[in-house]
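This briefing is meant to be read beside the sequence and the 3D view.

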Amino acid sequence: MKTAITDMHFQYHKKRLKFYLIIASVWIVLTVFQVLNSNPGDWTFYGWLMIGTMNVTLFGYRFFKPYVTIKDDYLCVHDFLNSSSILLSEETQIRRFAGEYIIQTAGKKLKFDTQLIDKISLQTLDSELKKYNIKWV
């Protein structure tokens, strides 16, 4: 078994972040356009504003928060509304299938999409996971 790792971060792929930024920008532009061309009593402005704000918030979260972290032998996958973790020393197998890693222990299963991770970070993650004495399927 490997000893505890201090702290490692694996960021989102830069193309994915640019896509999120473009989507957020489009919604903000559409919101401004809706405000300039709507009637003063039109309530749909709030819907446009909410969608634009939500997309900007999602981009900011994904930009500043890494997708996967390894800290003190825990592998954590961070999503906007859900974060899950698994203890690396308890792993029984790692399965690579259809661009995902499926990490299993006796009672828990953790999945994450490797296509969301930056390619250099993915190589580092692979090398770190291979240091553990775990069965790869």
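A patch, as the word is used here, is made of residues with over 30% relative accessible area and no salt bridge, with like charges joined within 9 Å and nonpolar side chains (Val, Leu, Ile, Met, Phe, Trp, Tyr) joined within 5 Å. The model is predicted, so local features need pLDDT of at least 70 and side-chain atom pairs count only at pLDDT 80 or more, while totals for chains, interfaces and linings use all residues. Residues are numbered from 1 along each chain as its sequence is written, and side-chain values use heavy atoms, with hydrogens and water left out.

**Surface patches**

- Lys 14, Lys 15, Lys 18 and Lys 119 come together on the surface as a patch of positive charge, where Lys and Arg count as positive and Asp and Glu as negative, His and the chain ends not being counted, and where the place of a charge is taken as NZ of Lys, CZ of Arg, CG of Asp or CD of Glu.
- Helix H1 (residues 14–37) is the element that gives the most to the positive patch, with 3 residues; helices (H or I, at least four residues) and strands (E, at least two) are DSSP runs, numbered from the N terminus.
- Lys 18 belongs to helix H1, and Lys 18 counts as exposed because its relative accessibility is 58%, given that exposed means over 50% relative accessible area, buried under 20%, and partly exposed in between (1.4 Å probe, protein chains only).
- A nonpolar surface patch of about 420 Å² is built from Ile 28, Val 32, Val 35, Leu 36 and Val 56, with accessible areas taken from the Shrake-Rupley method with a 1.4 Å probe and, for residues, only the protein chains shown counted as cover.
- H1 also gives the most to the nonpolar patch, with 4 residues; Leu 36 lies in helix H1 and, at 66% relative accessibility, counts as exposed.

**Nonpolar core**

- In soluble globular proteins, nonpolar side chains tend to be buried together.
- A nonpolar core is a set of buried Ala, Val, Leu, Ile, Met, Phe, Trp, Tyr and Cys residues joined through side-chain atoms within 4.5 Å.
- The largest nonpolar core has 25 residues, of which Tyr 67, Val 68, Leu 75, Phe 112, Ile 117 and Leu 125 touch the most other members.
- Two or more residues of this core come from each of strand S1 (8–10), H1, strand S2 (68–71), strand S3 (74–78), strand S6 (100–104), strand S7 (109–113) and helix H3 (119–130), and the largest share, 3 residues, is given by H3.

**Salt bridges**

- With a salt bridge taken as a side-chain nitrogen of Lys or Arg within 4 Å of a carboxyl oxygen of Asp or Glu, the count comes to 2 salt bridges.
- Arg 96 pairs with Asp 126 in a salt bridge whose closest N and O atoms are 3.2 Å apart, and this pair links distant parts of the chain, since Arg 96 is in strand S5 (residues 93–97) and Asp 126 is in helix H3, 30 residues apart.
- Arg 96 is partly exposed, with a relative accessible area of 46%, whereas Asp 126 is buried at 13%.
- Lys 131 and Glu 128 also form a salt bridge through their side chains, at 3.0 Å from N to O; Lys 131 is partly exposed at 49% relative accessibility, and Glu 128 is buried at 9%.

**Backbone in the loop between S2 and S3**

- Most residues other than glycine have a negative phi, and most peptide bonds are trans.
- Asp 72, in the loop between S2 and S3, has a positive phi near 50 degrees and, at 46% relative accessibility, counts as partly exposed.
- Asp 73 lies in the loop between S2 and S3 and has a positive phi of about 65 degrees although it is not a glycine; Asp 73 is buried, with a relative accessible area of 11%.

**Separations in sequence and space**

- Glu 90 is placed in the loop between S4 and S5 and is partly exposed at 48%; the C-alpha atoms of Glu 90 and Tyr 74, 16 residues apart along the chain, are separated by 9.8 Å.
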